[in-house]
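Please read the following report with the sequence and the three-dimensional structure at hand, and look up each part as it is named.

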Amino acid sequence: MTIRVLPSQLIDQIAAGEVVERPAAVVKELVENALDAGADRIDLEIEAGGTRLIRVLDNGCGIAQHELGLALARHATSKIESLDDLEALDTLGFRGEALPSIASVSRLRLTSRVQDSAHGWSIASDGGETSAERPAAHPRGTSVEVRDLFYNTPARRKFLRTERTEQSHLEDVVKNLALARADVEFSLKHNQRRVLQLPKALERGEREARIAAICGAEFLEHGRYFERTGAGMRLEGWLAAPTYSRAQPDAQFTFVNGRFVRDKLLRHAVRLGYGDVLFQARQPAYVVFLTLDPKRVDVNAHPAKIEVRFRDSRLVHDFVFRTVEQVLAAAPIDAPRAPPASASVFHAGSSVGTAGESHQSTLGFGAGPTAPDYLPLYARLHARAADAPLQVEDRDVPPLGFALAQLGGVYVLAENARGLIIVDMHAAHERITYERMKRAVNENRVESQALLVPITCKVSAPAAEAAEEFAAEIERLGIGLVRRGPAEVQVTAVPALLTGCDATALVREILADFAGSAGGTGVKEASNEVLATMACHAAVRANRRLTLAEMDALLREMERTERIDQCNHGRPTWTSVTLAELDALFLRGR
Ligand code: ADP
Ligand code: MG
């Protein structure tokens, strides 16, 4: 074997394999260059899913005539000079390899004009062979035209999917970039047809219009804006209500310092923030922007720069997780934001950030009504009803009112100052129990009730092993459990809150939760899941008759409970019908 230095065109083509694996990646690199050049308007034209033509025109600073050739040269960049620059990057590009890579696998034309030049200049490259500069008519800014992508690399070309698939990848990339940079106008044409037209968006309302154009109006209807700072970071964006959860993770947009990233850590943190109100396989929907000192994040972790590495990842994870959790707990965002004319006042535009104080509940379910001062739900209802001030006499009626009746063995009907409240008692009780168990576990004061006769039950082998491996966690939950054999355990105690539940079924499910979490995502999630399982077991089953006093107690307990608006499965726990809505229904008062 002879060792050879590779020719530079081949080097570029090899690099192209990493940087531009498909048309969408070319678009990403070209648009990022335009953004780095300070453009505030970017027009894209695509043909045949980007395989025939990709043209990106920007109104940025342009490239001077004598630098056009350099722009296509490998490792030539205007964006960094030293390693120090790399450590505090404020541009999207920095590797100086996109243009030469793209040029090596296509027919590329680069045309540009800088501010003080009388006209523009253009160079062409065919598979990496660059021509001399020629004068060209061009407004200030740059256009890059990429034709016949991969025409000289058949192996690459084979990996391309249908035009439609490539086009949809490409649109995703443009959407991500357009979400990241609302201050820039974008337009996209495919086969001469306009696909996207996004005007500059500076104010909140304009940004929301862009979000709606990209993520769908429905997302925005269920989403709420929030902004928080802490630990030297800033997180802002839109979180969709847990009730708007999805089966696929297809509406999760995370940005770090203006860069779209598909970052596992961030997604995990947000998911965990939703964890309390969203269980099982449901996926939350959100658009979040994290801003932090560029020194604290390394974007040079991936050739396409789609993944990042945080220097203090624990801190970032914590900040994001806590922020999302607090935002979701602080203000209910289950209600549509643009209610129809007849919408109830409870559902009128609420603003995120009106955190009610979390009150410790010492009264058990079934205790009588208590003074409803400063309860979380109060604060939230007041915030929600801000444009319809409470009348003085309303003050004596608690937010969820007083119970009237039980309907279908499932719903509690109550009357408050504005009309009718309908509560799904199982869902509500499940949330109450869950929050209560969680607090008790966190404070290490779960009361447990010894069984008079211990129950022996058969379980799967992994479950029996989980009983041993997670013995400490299980004990913390107030469950007395010992392994009796390769596939057998004995239950000696259950949490007092769950007295009378089916201990065998409970233990089997909990062991399955733990077994499922082994070696996986960490104890916090496992225990939340376990708590949800327990809450579900404890909750009042449908068809149980409640007395009015019991129903009132449930309503008061709800008012005291954080995150009461959804049950653990993300379903709503209550809703309301105002008198005004009833009047409208019966055509009264016209
Ligand atoms: P990088 O973006 O990593 O620097 P590229 O190969 O993408 O590398 O681009 C090389 C250089 O060409 C950039 O550093 C920049 O100076 C110049 N350039 C590329 N595209 C544009 C553009 N649209 N407007 C102005 N300058 C550009
Ligand atoms: Mg670049």
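## About the model

This is a predicted model, in which local features need pLDDT of at least 70 and side-chain atom pairs count only at pLDDT 80 or more, while totals for chains, interfaces and linings use all residues. Residues are numbered from 1 along each chain as its sequence is written, chains are lettered from A and ligands numbered from 1 in the order in which they are written, and side-chain values use heavy atoms, with hydrogens and water left out.

## The surroundings of ligand 1

Ligand 1 is surrounded by 20 residues, where a residue counts as near if one of its heavy atoms lies within 4 Å. The closest are Asn33, Thr77, Ser78, Lys79 and Gly96. By class, this shell holds nine nonpolar, seven polar and four charged residues; Ala, Val, Leu, Ile, Met, Phe, Trp, Tyr, Cys and Pro count as nonpolar, Asp, Glu, Lys and Arg as charged, and the others, Gly among them, as polar.

Between ligand 1 and the protein there are pairs of N or O atoms within 3.5 Å, which is the cut-off for a polar contact. A nitrogen atom of ligand 1 is 2.9 Å from an N or O atom in the side chain of Asp58, an oxygen atom of the ligand lies 2.7 Å from a polar side-chain atom of Lys79, and an oxygen atom is also 2.7 Å from a polar backbone atom of Gly96. The protein covers 92% of the 530 Å² of accessible area that ligand 1 has on its own (Shrake-Rupley method, 1.4 Å probe).

## Two packed helices

Helix 10 (residues 264-274) packs against helix 11 (residues 313-330) at an angle of about 35°, and their axes are 7 Å apart. Helices here are DSSP runs of H or I with at least four residues, strands are runs of E with at least two, and both are numbered from the N terminus. Axes are lines fitted to C-alpha atoms over the stretch in contact, with angles running from 0 to 180 degrees between N-to-C directions.

Among the residues that meet are Leu265 and Tyr274 in helix 10, and Val316 and Phe321 in helix 11, contact being heavy atoms within 4.5 Å. The residues of this contact divide into 11 nonpolar, four polar and one charged.

## Glu145

Glu145 is found in strand 7 (residues 141-147), and a polar contact of 3.4 Å joins its side chain to that of Arg147.

Note on methods: Polar contact = N/O pair within 3.5 Å; in protein donor to acceptor, adjacent residues only side chain to side chain.
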